[in-house]
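Trainee: I would like a close look at one part of this model. Please take the charged side chains and go through them slowly.

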Amino acid sequence: MLRIAIQSKGRLYDDTTSLLKEADVKVNRSERALLVRSSTFPIEVLYLRDDDIPETVASGVADIGIVGLNEVMERDENVKVVQHLGLSKCRLSIAVPKAEHYTGPQWLQGKRIATSYPHILQKYLKEQDVKAQIHIITGSVEITPLIDLSDAIFDIVSSGSTLVSNNLAEVETVLQSDAVVIANKHLDAEKKTILKELIFRFQSAIDAQGKKYVMMNAPKDRVDRILSILPGSMKSPTIIPLADDKWCSIHTVLDVHSFWEIIGQLKAAGAQGILVTPIEKIIG
Ligand code: PRT
Ligand code: ZN
């Protein structure tokens, strides 16, 4: 049995619970239950505030956890990052009022910086050889320059719209963050085996995200042209003969980002009856 700590509610909750579902780890959480055993996998889920997850894993109260890399770096606990999930992406950045003429990290010398991430900020300032006053604030960091509580802020940015609406400009990106799986450093052999299987399942679900399975019919004399349009990483499409020996069926995997552009080119090259289906998992 492996105990995993996840956020009980908040930004990471939806991503984490759907990832567990995609990995076929079923957890029927009755309202406000704190510890729930999966009915399909040797795992029990512990629901916590995200701030508490690194310490809980470091102490061994939970074996592994899913939490933002920003929290892991800030808490600086003795845990191992074992997988990047690419979910809940954000960055930790320094921002200053738009009207300021920011010239580089030395501009921060002697300034007041408001943040909920003092540890990461302190480390960054030391690296840059800058001495500044760090003001620890737990919420609404972005309003502190407006009310003259700070000269700059160091906070999480995602779309950047919070900065824009508070007249702030992002000037330094200090850390790129996503949700990560962290593990206690002293797991026994049985727990390591369960963790390995879980990571494998997570990876299969992550690899399938943003991918579509595409099937199309094409005259055989157009196949070379169609194959040249398919992206480099998908060099091995399946080609299946059809009853009409002048035609065949081509099956491949496409990335949603380049999807519409490529579909247009495939049609122009002579592909017909293009069928697009979602992919649940890709087993590497
Ligand atoms: O209650 P608990 O302590 O568990 O949760 P919490 O309130 O501390 O954290 P929560 O749920 O807000 O965020 C959890 C994690 O989500 C963070 O630690 C990050 O790893 C990640 N994440 C991803 C974000 C954002 N995106 C994000 N945009 N966390 C916070 N924000 C905030 C940001 O501070 C900004 O003020 O959202 C605001 C909007 O951002 P913009 O740039 O999109 O406008
Ligand atoms: Zn928190």
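Trainee: Which side chains meet in a salt bridge with an N to O distance of 2.8 Å?

Mentor: The model is a predicted one. The salt bridge you ask about is formed by the side chains of E170 and R91, at 2.8 Å from N to O. E170 sits in strand β10 (residues 168–177) and R91 in strand β6 (residues 90–97), so this pair ties together parts that lie 79 residues apart in sequence. With a relative accessible area of 31%, E170 is partly exposed. R91, at 21% relative accessibility, also counts as partly exposed, because buried means under 20%.

In general, side chains of opposite charge can pair when their charged atoms come close. The structure holds 12 salt bridges. One of them joins K281 to D24, with the closest N and O atoms 4.0 Å apart. That pair links distant parts of the chain: K281 is in the segment after β15 (272–278), D24 is in the loop between α1 (11–22) and β2 (35–37), and 257 residues separate them. K281 is partly exposed at 26% relative accessibility, and D24 is partly exposed at 39%.

K281 also meets the side chain of E280 in a salt bridge, at 3.0 Å from N to O. E280 is exposed, with a relative accessible area of 60%. Elsewhere, R49, D51, E71 and R75 are joined into one network by salt bridges that share partners.

Technical notes:
Residues numbered from 1 in each chain as written. Chains lettered and ligands numbered in written order. Predicted model: local features only at pLDDT ≥ 70, side-chain atom pairs only at ≥ 80, totals over all residues. Heavy atoms only, no water. Helix = DSSP H or I, 4+ residues; strand = E, 2+ residues; numbered from the N terminus. Buried < 20%, exposed > 50% of the residue type's maximum accessible area, 1.4 Å probe, protein only.
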